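Try each task before reading its solution.

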Amino acid sequence: MLLLIQNARIASEDNDDLTPADVLVENGTITQIGQGVEAPAGAKVIDALGKILMPAMFDTHIHMREPGQEAKETIKSGTEAAINGGVTGVVLMPNTAPAIDSAAMVRMIYDIAERDARIPVYTSGCITKGREGKELAGIDGMLNLGVKMLTDDGDAVPDLLLLKHAMEYASEFDCFFASHCEVLELSGPRALNEGEVSHRLGIPGTPACSEEICMDRDIRLAHATGARLHIQHVSSKIGMETIRWWKQMGAKVTAEVSPHHLLFRDEDIGDYNTHYKMNPPLRTAEDNKALLEGLKEGVFDIIATDHAPHRAFEKSQDFVTAPNGITGLETALVSLYHYFVKKGEFGWGLVVNRYSAQPRRMMGLDAVPISEGGKADFLLFDPEGETTFNKDFMQSKSQNTPFLDKTLDGSIDLVVLGDEVLLER
Amino acid sequence: MSKRLTESDIAQAVSQMVNQILERNASKEFVLVGIRSRGDEVAERIRSALETAGMNVPMGVLDISLYRDDLAHLKDNPKLQGSNISFTVDGAHIILVDDVLFTGRTVRAAIDALTDYGRPTKVELAVLIDRGHRELPFAPDYVGVDLQTQRMDYIDVKLQGSDGEDSVVVIENKV
Amino acid sequence: MAVISLLVLVVGPVYTPLSSSSPPMTRKDLLDIESLSREEIELLLDQAGPFKDLFTRSVKKVPALKGKSVLTLFYEPSTRTLSSFEVAAKRLSADVTNFDVPHSSVVKGETIKDTIDTLQSMRTDYIIVRNKMPGLPQMIARETKACVINAGDGAHAHPTQALLDGFTLREVFPELMGKKILIVGDILHSRVARSTSTLMRKLGVEVAWLGPGSLVPKHGPKDIKRFTNYDEALRWAPDCVYLLRVQMERQAVQYFPSLREYTKLYGVTDERFKQLEAQGTYIMHPGPVNRGVELCDAVMEYNRCLINQQVENGIATRMAALYWLKPNQQK
């Protein structure tokens, strides 16, 4: 296939400047970047005037619910949602039913992905069998199949000695740990920040220190054992500061922040709106501000959505009973543009770095800059366009997002991976 | 043609009622019960006139809101002001007093309300204005003035205590 | 969408001066105190008076809700509140049905939404719900045409308790503005403390909290005073001390060392009672009381103990609430 994209402005992770150029793609490879590139015979030509061409995104924190809860999401629907949001690679979390805790389960995920997905699907593997925190999972078998991330996401590993042994054992191999941070005794089963809102709603809240204590604990342990550690979905100011401090101490730690923790706060829950219920919970305006600062400064290496689909009836239960989590794959990039890039909080360079290049590197993959000789793995973003996140637009089986039926500025008009146009509108 | 009653018309109507009541009950024991709102003020005027004539008559006030038959159809329920019946209703001869007698529904509600206080031996009805158009079989025993009205007319009664002036205006065909 | 507004929601001061003319507003539901205006609260308290007057008549019943159906849906056992609502509804001539729900929890498999659909199919006019899940009455209210009264949802709200408390205190202090109430005990888990504090503040009453540090929320409204010991609190000279029930069953995870220690620090002991009596302080309690824990026996005989009035006023206030609400008119 021959594809010529004319008059685009190219974004890269190196800086926030956009470079005007035409880009020619031949059989999945970018062969020419420059001004006034002639369209070869039979080429598909796209006029991208005013639009931004950038490396496609990569999301390292995805719940695809398959196997076990296919009514919420499947690898097929979830990867289509990813494409819809400009994401061409995902890392699945292992809290399926059964959990992804063995080579056999990893093989099964890869088989389903090969059959159903148009983008690469990677999976993490459990630290402990069934994520029960009791026995170590089949780590070697999973790593042999290419698993890089070990996590009991959804829960922390409560047994510190077991986690220490896991870290000592696995740090000898090419892999890293990822921590969902929470001290269960302090938080219990309800995802709501402890503060004025939890008082008003009459629901005992989870204090930020529940997350911060666990985070600090896990980093200390990783630092002591020499394991690489990634901290998932940081939600609080002191959490951000904890990571900053440990990075200064030279710990091998990376961290992610999710768009919802940057954008929303507990007040948005209003009258028990379960579309703002997730774990870790939304905290305060002060935390939003600190997280944004941490993102700009590089305390947060990556952005990841924690895409967590749930069925409408589950989310229409009362706040305590409704499950935790919101979807994010389809809304992340557009919301980052609408709330931050457009307002000048940060530029496209940061978006490409934190949501495309760094996540890939963390997974041991190469970044996909738009460069001659590189593989075509990019998207075209229209800053003048707009996107309405209604049921027709969304490809995910679930629409549990505060953006449901909202319209934001910016639209993803084209997603190309190799020789295939995955999305065009 | 719009009909009006002036302050003096109203005073005359009240004294007409007082005379009728005295005529028939000169040596009898009875009590007055005014229906909120404005019926209580008419009752008070009657009580005061009777007092001047040398008769001390106990008086109560009845709020019939909870007994209305149209509560289910109202957008807002009427604001309760409460009743004040300090005498024994059992065995009493009661003269119910209201400002305007129209469909008779208020009287029905008032009688129901009264009988929840006890069993009076006799209940009579005194009204300042009878405007006709009954929907229930009630007839007044004492009437201040009869006014010819159309079914859709609205009678705007103002009394000193509630409204700062005494006047009655018939507004035709109020929609 | 209130996503990125940088305005911090300012709550309070809650007291708002009365506007000169306010039409009596009608609502479909009574879910919490927070959403009520001061005018609405005063209207309800004003209306409760005439209902209380009815209790001295030989016939205590009025036909205001004749032909209407009231469904009580109590997921938590509560003989007192349930009976109070039942008596109130029956005195208004409504038909009352108790929807028998297993007290453990909602039956597995049937979601709350399914239960609400079932209720909707019964075409009931009023639903009175008590549940341990905060916000559940709001959900039911959104999904049904019936009027919903929250009879207590977890630690969130108990609006009719707050109204009866306000009514009771107003009987002894016709002008509540500037009066002081000290609420003592487990504030953290108490919907009563939340709703009553909110109502009192809306009526211009100063509110203070006293209780074990582990049971007094750190994040409550800023205009509520916190006391850490009784002596200090009594020097503040409250007009009323409101005692909360110690929930013995909540001691699965300990919040304080022992009942003995609780009583010593936060109970109305004989000694403290003498002081309260000397100061002429009124005492309230939502019931049922733990004698010897929150209060000593002598309190129950005290002429300024309002606990029994609270019970009687509960019926009048709930009648006023039922009379005030109107089901959705359309269809």
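**Exercise 1.** What distance separates the centres of domain 1 of chain C and domain 2 of chain C, taken over C-alpha atoms?

*Solution.* This is a predicted model, so local features need pLDDT of at least 70 and side-chain atom pairs 80 or more, while totals for chains, interfaces and linings use all residues. Residues are numbered from 1 along each chain as its sequence is written, and chains are lettered from A in the order in which they are written. Start with the bounds, which come from an automatic or database domain assignment: domain 1 of chain C covers 38-157 + 313-324, and domain 2 covers 159-307. Their centres, over C-alpha atoms, are 26 Å apart. Where they touch, domain 1 of chain C gives 20 residues and domain 2 of chain C gives 18 residues (contact: C-beta atoms, placed from the backbone, within 7 Å).

**Exercise 2.** Find how many residues chain C and chain B each bring to their contact.

*Solution.* Chain C brings 14 residues and chain B 15 residues. On the chain C side, helix H1 (38-54) and helix H11 (307-324) each supply at least two residues; helices are DSSP runs of H or I, at least four residues, and strands runs of E, at least two, numbered from the N terminus. H1(C) has the largest share, 4 residues.

How values were computed:
Two residues are in contact if their C-beta atoms, placed from the backbone, lie within 7 Å.
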